[in-house]
Amino acid sequence: MAPQSMSRLASIYSFCVLGLMVMPHQVYGSSRGSSALTSGISDHPPADGICATLVTIHGYKCQEHEVVTEDGYILSVQRIPGGRVGVGGNGDTKRQPVLIQHGVLVDGVTWLLNQPEQNLPIILADQGFDVWISNTRGTRFSNRHLSLQVNQKGYWNWSWDELAKFDLPAVFDYVYNETGQKIHYVGHSQGTLIAMAALSEGLLVEKIKSAALLSPVAYLNTVTSILGVVCREAIVADLFGDSAFDPKEQLLPFFNIARTLCDAPGIDCYGLLAPLTGPNCCLNVSTFHPFIRNEPQPTSMMNIRHCGQSIREKVVAKYDYGSSEANTARYGEAKAPAYNLSNIPKNLPLFLSYGALDTLSDVRDVNLLLGILKSHHDVDKLTIQYINNYAHMDFIMGVNAKDIVYTQVLSFFKNHTGF
């Protein structure tokens with residue numbers, strides 16, 4: 001482990017801790033249901049998984065499913081087929097499926113940490129949708145493979161290219177086969193990137209009904225997040241090699257410091273996220289402890305490197321294997337090919353929501369993406385929402401996201417039922 005790299009990483013984390021103590025922003029507190037949340041998530045969640053931990057305890061039916069990708073990864077998927085048990089609207093009417101996909105370094109749990117009436121999957125279920133939550137390969141509940149073990153280097157030989165090529169199509173195929181209907185899609189952060197990459201390659205097209213992209217990530221030209229600095233400078237690659245990037249395990253001393261600080265009264269621990277995500281305006285402080293017990297989740301070092309390549313090269317392209325020979329062997333050409341985002345079907349209904357304070361989905365980068373979409377997309381199929389005080393995590397955990405974002409997502413889905 002290079003001392004210089006460790007010093008750089010320690011300096012970055014010190015900046016994050018400083019952000020915890022000095023970043024001014026509004027926070028929300030709630031004691032309702034906090035004990036259930038705290039007891040529901042631990043460092044070693046029950047084998048029953050996300051359904052039993054965070055959904056059925058609130059009176060909703062929930063099913064655990066497994067999806068096997070073409071390259072052998074076994075993904076955990078949760079299905080909430082309807083609204084609260086015993087409440088109207090749970091008849092035999094065929095419900096429209098919606099697939100919800102998280103971003104990098106988290107899993108599907110992050111959609112479910114607020115009170116049920118504030119969580120997007122529950123809101124959609126109560127509004128008559130058949131809700132599916134996907135968990136990316138390598139995360140806690142999706143860490144199995146048909147032939148590889150999670151502690152083998154080969155298990156982690158992937159970047160977001162493979163998430164777009166294998167994970168997302170496999171889950172789409174599974175949901176489509178189970179429901180017989182085209183699928184509405186909600187992605188956040190990396191969940192938007194892999195959807196756009198897949199669609200630009202002609203994947204998903206026959207099975208997708210519309211897509212809502214929250215904190216859309218494509219170009220990373222002007223990203224100011226500390227995570228972007230780590231990716232761009234390949235700091236974690238210097239430290240941890242070529243397999244998994246598991247911050248909770250590899251940076252355990254730092255997380256212990258954070259937990260100790262967060263036990264002190266009057267400390268807003270969500271300030272820790274500000275250097276990573278931008279200053280989130282609207283997170284509930286009572287959810288921090290369950291959040292930090294579950295997140296961050298592992299990803300591959302290749303995925304981190306791919307992020308860094310996007311920042312340095314200022315292009316949305318496939319993973320660069322580092323030499324013309326390796327790229328030619330992989331792609332048939334010396335340079336890693338770019339994704340042509342103008343290939344996204346122009347008549348596919350798209351909803352994009354982004355925030356002024358987001359340092360991962362920077363406004364300038366989103367505007368670059370929007371310029372490409374506006375140049376070729378049918379004008380009546382493109383809906384855009386800009387939120388002045390939102391940062392990256394507000395879109396999935398903001399206590400007011402129901403009123404600001406999710407009502408718009410619902411309207412968007414209902415307006416495009418005929419696609």
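The legends below accompany several close-up views of a predicted model of a protein chain.

**View 1. The whole chain, with its secondary structure and its predicted confidence.** The protein chain of this predicted model is made up of 17 helices and 11 strands, and buried residues account for 58% of its 419 residues. Its accessible surface comes to about 16,500 Å², with 52% of that area belonging to carbon and sulfur atoms. Of the contacts between residues at least 6 apart in sequence, 77% join residues at least 24 apart. The mean pLDDT of the chain is 86, and 83% of its residues reach 70 or more.

**View 2. The disulfide between Cys 51 and Cys 62.** By the distance between cysteine sulfur atoms, the model has two disulfides, and one of them joins Cys 51 to Cys 62 with an S to S distance of 2.0 Å. This pair links distant parts of the chain, 11 residues apart, with Cys 51 in helix 3 (residues 50–55) and Cys 62 in the loop between helix 3 and strand 1 (63–68). The torsion about the S-S bond is -60°, and the link of Cys 51 and Cys 62 is left-handed. Cys 51 has a relative accessibility of 3% and therefore counts as buried, the cut-off being under 20%; Cys 62, at 17%, also counts as buried by that cut-off.

**View 3. The disulfide between Cys 281 and Cys 282.** Here Cys 281 is joined to Cys 282 by a disulfide with an S to S distance of 2.2 Å. The torsion about the S-S bond of Cys 281 and Cys 282 is about -95°, so this disulfide is left-handed. Cys 281 counts as buried at 8% relative accessibility, and Cys 282 counts as buried at 1%.

**View 4. Asn 284 and its polar contact with Ser 286.** Asn 284 lies in the loop between helix 11 (274–277) and helix 12 (288–294). With a relative accessible area of 6%, Asn 284 is buried, and its side chain is joined to that of Ser 286 by a polar contact of 2.8 Å.

**View 5. Helix 5 and the glycine that follows.** Helix 5 runs over residues 160–179, and at 1.5 Å a residue its 20 residues should span 28 Å, which agrees with the 27 Å that separate its end C-alpha atoms. Just after helix 5, Gly 180 takes a positive phi of about 70°.

**View 6. Cys 231 and Cys 307.** The relative accessible area of Cys 231 is 3%, and this residue is buried. Cys 307 has a relative accessibility of 18% and also counts as buried, because the class takes in residues under 20%.

Definitions and conventions
Residues are numbered from 1 along each chain as its sequence is written. This is a predicted model: local features need pLDDT of at least 70, side-chain atom pairs count only at pLDDT 80 or more; totals for chains, interfaces and linings use all residues. Side-chain values use heavy atoms; hydrogens and water are left out. Helices (H or I, at least four residues) and strands (E, at least two) are DSSP runs, numbered from the N terminus. The expected span of a helix is 1.5 Å times one less than its number of residues. Buried means under 20% relative accessible area, exposed over 50%, partly exposed in between (1.4 Å probe, protein chains only). A polar contact is a pair of N or O atoms within 3.5 Å; within protein, one must be able to donate a hydrogen and the other to accept it, and residues adjacent in sequence count only if both atoms are side-chain atoms. A disulfide is a pair of cysteine sulfur atoms within 2.5 Å. pLDDT is the predictor's confidence in each residue, from 0 to 100. Contact means heavy atoms within 4.5 Å. Accessible areas come from the Shrake-Rupley method with a 1.4 Å probe; for residues, only the protein chains shown count as cover.
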